Amino acid sequence: MAHQQDQPQAQLRQVRNYRPRRNVLEELDDTDLIKRYRLDREGIEFVTDMLRGALESATSRSMAISPELKVIITLRYLATGKMQQCSGDDLGLSQPSISRVIKQTVEALASPAITTRIIKFPRARIDIQRTQNEFMQIANFPGVVGIVDGTHIRIVAPTEYEEEYVNRKHYHSINTQIVFDANYKILDVVANWPGSTHDARILRHSGLLRLFETNMVPAGCHLLGDSAYPCKRWLLTPYLRPLAGAQEAYNRAHKHTRCVVERGIGQLKRRFHVLHGEVRVSPQKTCKIILACAVLYNICKDRHIHIPEEDLLDENAAEDVEDRGRNEDAPAGVPEDGLRFRDHFVNLHFAVED
């Protein structure tokens, strides 16, 4: 016993064996990188440089996980929705390390400093005019600066306030408000409301409403939304029972233009499969994952990186988003000012000549 106590402490320490780590940036070409991680080499390097300050390890250990590897692991998880795929890539990390890496990187991507840098609503007049012109090319609907809709991200049943997350289709979700431009780029996203929340309530408490109500976006700019939203001067909704002529013409152009948001949501979920299935983390972590995917989606759009063919044969395919119409959860009162403005707008722009 005394002999064992006299042994040098160093001899008693267990030698730690590190698994070799692949360098996928050197091994794979851009086609394979996009297929597995949704970004090409330059895109991965761009994201890494953007997050480097938040991802660099404070430790000076020789086997510290590099920011590049943290980004690659997180991209693989978001692309597949399966954490086991990350360890299956032989990246040399244990499952607990992978979980910590994903949490850290998602939090960095979802931080206000990054989201406000990558997801921006047009405010400058030149940007607004360009956006309006691009929407005008779709169905001759004037003044449109974005299309708004809600989409449900399925989650595992939470341990707290479980009933609040059950949506009208009877599964647990985060109801996410999202706005797209005519090129399917995300202009605004709100991901912090449980699935039972009505779209109109999310809008009412959003920064998007404040942008328009405080005239930070100029008059003459419009969002298009389905009839789950209240009709306003800046938010135009379809007629539920359109009259023949101008109102029917307005509804046709409105529906055709609004397809942008359905296709955009479809592209987002197919590019990042984590949003296409059930997210098996807490609602709070899911909200950050949604924001992280929105940031990466816009980066893909800016860098003209297409969705791999095996994931989406038609990049313009629309998500299955129906016009939900008004239901018992919708606000009872609709401002008459918004309805009168819509009538005026329709007579001005969609009047059918005899």
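**Entry 1: T151**

I started at T151, which is found in strand β1, residues 144–154. Before going further I noted that this is a predicted model. I then asked myself: is T151 buried or exposed? T151 is buried, because its relative accessible area is 7%, under the 20% cut-off. Next I looked for a polar partner, and I found that the side chain of T151 makes a polar contact with the side chain of K269 at 2.9 Å. Leaving out residues up to four places away in sequence, I listed I174, N175, T176, I265 and K269 as the residues that T151 touches.

**Entry 2: helix α13**

I turned to helix α13, residues 246–271. I checked its length: 26 residues at 1.5 Å a residue should span 38 Å, and the end C-alpha atoms are 38 Å apart, so the two values agree. How many of the residues of α13 are buried? I read off 21 of the 26, so α13 is largely enclosed by the rest of the structure.

**Entry 3: the sheet**

I moved on to the strands. Five of them form an open sheet in the order β3-β2-β1-β4-β5, and the pairing is mixed. Which strands sit at the edges? They are β3 and β5 (235–236), each of which pairs on one side only.

I looked at the β3 side. Strand β2, residues 173–180, pairs with β3 in the antiparallel sense over six bridges. I marked I178 as standing opposite V189 in β3. The two strands β2 and β3 form a hairpin with five residues between them, and I noted that Y184 in the turn has a positive phi of about 65°. Although β3 is an edge strand, eight of the nine residues of β3 (residues 186–194) are buried, so β3 is largely enclosed by the rest of the structure.

At the β5 side I found that strand β4, residues 222–224, pairs with β5 in the parallel sense over two bridges. There, L224 stands opposite L236 in β5.

**Entry 4: nonpolar cores**

I looked up the largest nonpolar core, which has 80 residues. Which of them touch the most other members? I wrote down L39, I44, L51, F141, I186, I289 and F350. The largest share of this core, 12 residues, comes from helix α14, residues 283–302. Apart from this core lies another one, of 17 residues, including V148, L187, L208 and V217.

I went back to F350 for its surroundings. Leaving aside neighbours within four places in sequence, F350 is in contact with N140, F141, P142, A246, A249, Y250, A253 and F345.

**Entry 5: positive phi**

N140 has a positive phi of about 60° although it is not a glycine. I noted this because most residues other than glycine have a negative phi. N140 is found in the loop between α10 (125–139) and β1, and it counts as exposed because its relative accessibility is 55%, over the 50% cut-off.

I found another case at Y161, which has a positive phi of about 50° although it is not a glycine. Y161 lies in the loop between β1 and β2, and at 55% relative accessibility Y161 counts as exposed.

**Entry 6: P67**

I then visited P67, whose place is in helix α6, residues 67–80. P67 is buried, with a relative accessible area of 8%. I listed T48, R52, L55 and E56 as the residues that P67 touches, not counting those up to four places away in sequence. I also looked at V101, which is 34 residues from P67 along the chain; their C-alpha atoms are separated by 9.4 Å.

**Entry 7: the whole chain and confidence**

I stepped back to the whole chain. I counted 15 helices and five strands. Of the 354 residues, 51% count as buried. I also looked at contacts between residues at least 6 apart in sequence, and 68% of them join residues at least 24 apart.

I finished with confidence. The mean pLDDT of the protein chain is 88, and 84% of its residues reach 70 or more. Where does pLDDT stay under 50? I found this over residues 325–333, for which the model has 13 contacts beyond four places in sequence. I leave such contacts alone, because where pLDDT is low the predicted coordinates should not be read in detail.

Note on methods:
Residues are numbered from 1 along each chain as its sequence is written. Side-chain values use heavy atoms; hydrogens and water are left out. Helices (H or I, at least four residues) and strands (E, at least two) are DSSP runs, numbered from the N terminus. Buried means under 20% relative accessible area, exposed over 50%, partly exposed in between (1.4 Å probe, protein chains only). A polar contact is a pair of N or O atoms within 3.5 Å; within protein, one must be able to donate a hydrogen and the other to accept it, and residues adjacent in sequence count only if both atoms are side-chain atoms. Contact means heavy atoms within 4.5 Å. The expected span of a helix is 1.5 Å times one less than its number of residues. Two strands pair if DSSP finds at least two bridges between them. pLDDT is the predictor's confidence in each residue, from 0 to 100. A nonpolar core is a set of buried Ala, Val, Leu, Ile, Met, Phe, Trp, Tyr and Cys residues joined through side-chain atoms within 4.5 Å.
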